[in-house]
Amino acid sequence: MSMYATLEEAIEAAREEFLAANPEMEQDEASVSQFNLQKYVMQDGDIMWQAEFFVNEGDEGECLSLRSGEAAQAIFDGDFDEVELRQEWLPENTLHEWDEGEFQLEPPADTEEGAAAAEEWEDDNADSDRTDRWA
């Protein structure tokens, strides 16, 4: 599993992985039908992202399906608004690291690191809620 500190890095890596897995396709002619994404909150509070592209809609990967069809192709082609993708991400789908490499939907609160991650997670959600209301 490859996670990246920025959404842009995760999408670029997913594009490269897709092209490597489909060597018969050239980047400017590649056709994708599904874009999957996952947001992680690490024990130290860092936010990490993972992204995937697939040829067929309905293909399952490690991430949640976010866009399909022309919308997935637009992201592959680099025609997307990162702020919009972040705002559309549902906080309840974010995975939180409980132990090294183990993730769950709720942040752990029984350790100092877990409490810090939970606090940052709540702060991030409060900030995004405020942004959504004022947008």
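User: How many bridges join β4 to strand β5 (residues 102-104), and do the two run parallel or antiparallel?

Analyst: β4 and β5 are joined by 3 bridges and run antiparallel. Two strands pair if DSSP finds at least two bridges between them, so β4 and β5 count as paired. One of the bridges links Asp99 to Glu102 in β5. The two strands form a hairpin with 2 residues between them, and Gly101 in the turn has a positive phi of about 80 degrees. On another side of the pairing, β1 is joined to β4 by 2 bridges, and these strands run parallel. There, Val41 has His96 in β4 as its bridge partner.

The model is predicted: local features need pLDDT of at least 70, side-chain atom pairs count only at pLDDT 80 or more, and totals for chains, interfaces and linings use all residues. Residues are numbered from 1 along each chain as its sequence is written, and side-chain values use heavy atoms, with hydrogens and water left out.

User: Why is Leu85 called buried?

Analyst: Leu85 has 2% relative accessibility, so it counts as buried (under 20% relative accessible area; exposed is over 50%, partly exposed in between; 1.4 Å probe, protein chains only). Leu85 is in helix α3. Leaving out residues up to four places away in sequence, it touches Leu7, Ile11, Leu66, Arg67, Ile75 and Phe80 (contact means heavy atoms within 4.5 Å). Leu7 lies 78 residues from Leu85 along the chain, yet their C-alpha atoms are separated by 8.9 Å.

User: What makes Trp49 and Trp89 an edge-to-face pair?

Analyst: Rings of Phe, Tyr and Trp (its six-membered ring) pair if their centres lie within 6.5 Å; planes under 30 degrees apart count as stacked, over 60 as edge-to-face, the rest as tilted. The whole structure holds 5 aromatic pairs. For Trp49 and Trp89 the centres are 6.2 Å apart and the planes at 80 degrees, so the pair is edge-to-face. Trp49 is in strand β2 and Trp89 in the loop between α3 and β4, 40 residues apart. Both Trp49 and Trp89 are buried.

Phe53 and Phe76 are also edge-to-face, at 5.0 Å centre to centre and 85 degrees between the planes. Phe53 is in strand β2 and Phe76 in helix α2, 23 residues apart.

User: Why does Phe53 count as buried, and why does Phe76?

Analyst: Phe53 has 6% relative accessibility, so it counts as buried. Phe76 has a relative accessible area of 2%, so it is buried as well. Phe53 and Phe76 form one aromatic cluster with Phe18 and Phe35.

User: Which residues have the most contacts inside the largest nonpolar core?

Analyst: A nonpolar core is a set of buried Ala, Val, Leu, Ile, Met, Phe, Trp, Tyr and Cys residues joined through side-chain atoms within 4.5 Å. The largest has 20 residues, and those with the most contacts inside it are Ile11, Phe18, Phe35, Leu37, Ala51, Phe53 and Phe76. At least two residues come from each of α1, β1, β2 and α2. Helix α1 gives the most, with 6 residues.

How values were computed: Helix = DSSP H or I, 4+ residues; strand = E, 2+ residues; numbered from the N terminus.
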